[in-house]
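Please read them with the coordinates open.

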Amino acid sequence: MGIVAGLDSSSEYTRIVVCDTDSGAVLKQGYAPHPVEGKPSDVDPQAWLLSLGEAAAGGLLEGVQAIGVSAQQNAVVPIDDQGSTVRPAMTGGDKRAQVAAVDLIDALGGRQAWAEAVGCVPQSAQPVTKLRWLARTEPEAAGRTTLAMQAHDWLVWQLLGRPARRTTDRGGASGTGYWSATSGAYRPDLVELALGHQCGLPEVLGPADAAGTTPEGLLISAGTGETMAAAFGLGIGVGDVVVSLGASGSVMAVHHEALADPSGMITSLADATGMHLPVVHTLNAVRALRGTADLLGTDLEGLSALALKSTPGSHGLVLLPYLEGERTPALPHTAGTLSGLRRESMKPEHLARAAFEGMLCSLADALGVLRGRGVEVRRVFLLGAAAELPAVQAAAPMLFGAQVVVPQPADYAALGAARQAAWALGVAQGTLSAQAPPAWQGAAAQNFEPGDELAVGQAVRQQYASVRDQTHPGAFGTAGEQPGG
């Protein structure tokens, strides 16, 4: 038996789990928030190290043989030729870079050119777009940038004592906008297109490779982005889809190949195992529920209880939950729509039900985009606090048309980082193959089957699609056509 650790440096905190290498059982945990200073989109990377040190206090890492690092995606740390940060890291969905994204799309010749080049169309959050913003807005800082790193790259580098070798993994690299999941190679020309000159990029390691060993003998695995780490921590495989219910939503699946999508709806990421993680994002998920709850003077639990007093189809009420515009389908300047108002449908319980059905049908549209590209869907994992709401659990199986799995709440990104550490350690010791990760026990979960309600769910989806296509003709191709069938 050995002991490994996984640390997840999210946008707000560092969480560390210490696990048994054979079973994945969590032995100890640590947590600390990042110190908050300055703009939320500009962060001094030292804040990540400070919270890491605090989370690991009290001898948490005593006896640990290997560490894996998961970190927030899309953060860019520009480094100069002395190894110092040129400016604070640019993090999150930085709206400052929206114009830069449009510039980049045009500069390469359109959305299809980007999809073919790297499997995704530039968005404001992506590192390639932030480098373009840096070149246009802070040219002096851009000129001094000789190396571009992401958050997990930088943290691994720091843990190893800032060696000459800088590394990343294919999962993290796939979200940059200048690495192709299809070819497995960087596109330096796209870095130059964005930054105005070439700069160094970390070496891309394989899933079971080690980034290095500290002078004390602690092995550090390749690390990866939070999305890939969470998928690895959940233990999902082909046929599994993860639907994340935050203020916005995302749908990702394990697939055997990268999916280029000229429409930009699919972001073609790589996972932490050698497979692929196509992802479709929506701008609206739980924010639609919270908005409806506020309107009805209740909270999410109260909204769920109200919704369960209604029936599937919400007495004809349909809510298109595009409150912040929408990314899937591409309707950035639209607003939400409430349709089907009749005297008998104007009751709180029907509006509450329509909010849940609208959110889930919108996510089912996103899932349909993947199904339409041949992605297998056997199980749908629901993540986020809203997954615990009874109204979500009642409606999701029939609307997604698949078994729904609600895992027990846990920091799956940190668990995935720990599992990666155990894999790299096992390969280094000769006890594991580089082709097969450690077989840790899957997440404890509740399972919900669509059962006899599949046909009811299809009718609700059709009612939703009819309103969607009448309100936004052509949003998903031919009117009346549901994404993915």
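**Notes on a pocket, a helix and a loop arginine**

1. The second largest pocket holds about 440 Å³ of space. A pocket is an open set of points on a 1 Å grid over the protein atoms alone, where a 1.4 Å probe fits, with protein on both sides within 12 Å along at least five of seven lines; its volume is the space filled by probe spheres set on the points, which are joined across faces, edges and corners. β3 (26-33), α9 (226-234) and α14 (412-429) each give two or more residues to the lining.

2. The model is predicted: local features need pLDDT of at least 70 and side-chain atom pairs 80 or more, while totals for chains, interfaces and linings use all residues. Numbering runs from 1 along each chain as its sequence is written, and side-chain values use heavy atoms, without hydrogens and water.

3. Lining residues (an atom within 4 Å of a point) number 22 in this pocket, with G24, Y412, L415, Q441 and A443 nearest its centre. By class, 12 are nonpolar, eight polar and two charged.

4. In α1 (46-55), A47, W48, S51, L52 and A55 are buried (under 20% relative accessible area, 1.4 Å probe, protein chains only). They lie on the same side of α1, because they cover an arc of only 140° around the axis. L50 and E54, on the face turned away, are exposed (over 50%).

5. R162 sits in the loop between α6 (151-159) and β9 (167-169). G83 is 79 residues away in sequence, yet 8.3 Å away C-alpha to C-alpha. The backbone oxygen of G83 lies 2.9 Å from a polar atom of the R162 side chain.

How values were computed. Helices (H or I, at least four residues) and strands (E, at least two) are DSSP runs, numbered from the N terminus. A polar contact is a pair of N or O atoms within 3.5 Å; within protein, one must be able to donate a hydrogen and the other to accept it, and residues adjacent in sequence count only if both atoms are side-chain atoms. Ala, Val, Leu, Ile, Met, Phe, Trp, Tyr, Cys and Pro count as nonpolar, Asp, Glu, Lys and Arg as charged, and the others, Gly among them, as polar. The arc is that of the directions from the helix axis to the C-beta atoms.
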